[in-house]
Amino acid sequence: MSDWKSMCASSKLALRGKYVELECCENFRVNGYVFAVDPVTESIVVQTKNAIKILNGNFILKVSLECNPKFPQNEDLEDLISSTTQTHNSSDGKKLSKRRRKLVSWLKQNRFPIFVDKDKINVGGVAVVYPPYDEHSCESKNEMVLTRIQSMIREIL
């Protein structure tokens, strides 16, 4: 077993696709295939037999490569993740356009300076709302503006 904290970044990244056993804090152990490693936070995404787990790098103590996997690797894992993301992001076209029209109409009615560019709504140059036009699809560098825009969208929709 190798100490997780003392491993170099290239060694951690080399674990991708390998079957490992992770020893974590409080005698917690995880066995599975490494799907991804974040070199900055040292967090790791592991495909276990029944789920996908994301473990914080601070939680991991030791890692060991296992020679005899206890279950086969799901080759379609990347496809599964991307299809789930696409399904979530691609709402019904009519419903999406209705939501967009309603939001744009409400913002204009309440005299918010907005600019609509293709599929995004720019609010006052400080916030952007992307499809599916809900409170989770907003972006702003100003946390207070973001919070207020999100709460308004929640009330409108």
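Axes here are lines fitted to C-alpha atoms, for helices over the stretch in contact, and angles run from 0 to 180 degrees between N-to-C directions. The model is predicted: local features need pLDDT of at least 70, side-chain atom pairs count only at pLDDT 80 or more, and totals for chains, interfaces and linings use all residues. Residues are numbered from 1 along each chain as its sequence is written, and side-chain values use heavy atoms, with hydrogens and water left out.

**Exercise 1.** Describe how helix α3 and helix α4 cross.

Solution.
- Helices (H or I, at least four residues) and strands (E, at least two) are DSSP runs, numbered from the N terminus. Helix α3 spans residues 93-109 and helix α4 spans residues 143-156.
- Their axes come within 11 Å and cross at roughly 115°.
- The crossing of α3 and α4 is right-handed; a crossing is right-handed if the near helix is turned clockwise from the far one by less than a right angle, and left-handed if anticlockwise.
- For contact (heavy atoms within 4.5 Å), α3 supplies Lys102, Leu103 and Trp106, and α4 supplies Met152, Ile153 and Ile156.
- Sorted by class, this contact of α3 with α4 has 5 nonpolar, no polar and 1 charged residues. Ala, Val, Leu, Ile, Met, Phe, Trp, Tyr, Cys and Pro count as nonpolar, Asp, Glu, Lys and Arg as charged, and the others, Gly among them, as polar.

**Exercise 2.** Work out the strand order of the open sheet of 4 strands, and state why one side of β7 and of β10 is left without a neighbour.

Solution.
- The order is β7-β8-β9-β10, with antiparallel pairing. Two strands pair if DSSP finds at least two bridges between them.
- β7 (114-117) and β10 (138-139) stand at the edges with a single partner strand each, so one side of each has no neighbour in the sheet.
- Strand β9 (residues 127-129) pairs with β10 in the antiparallel sense over 2 bridges.
- Val129 stands opposite Cys138 in β10.

**Exercise 3.** Locate Ser43 and decide whether Ser43 is buried or exposed.

Solution.
- Ser43 lies in the loop between β3 (28-37) and β4 (44-47).
- The relative accessible area of Ser43 is 17%. Buried means under 20%, exposed over 50%, partly exposed in between (1.4 Å probe, protein chains only), so Ser43 is buried.
- Not counting residues up to four places away in sequence, Ser43 touches Ala36, Val37, Asp38, Leu55, Asn56 and Gly57.

**Exercise 4.** State how many helices and strands the chain has, and what share of the chain is buried.

Solution.
- The chain has 4 helices and 10 strands.
- Of its 157 residues, 32% are buried.
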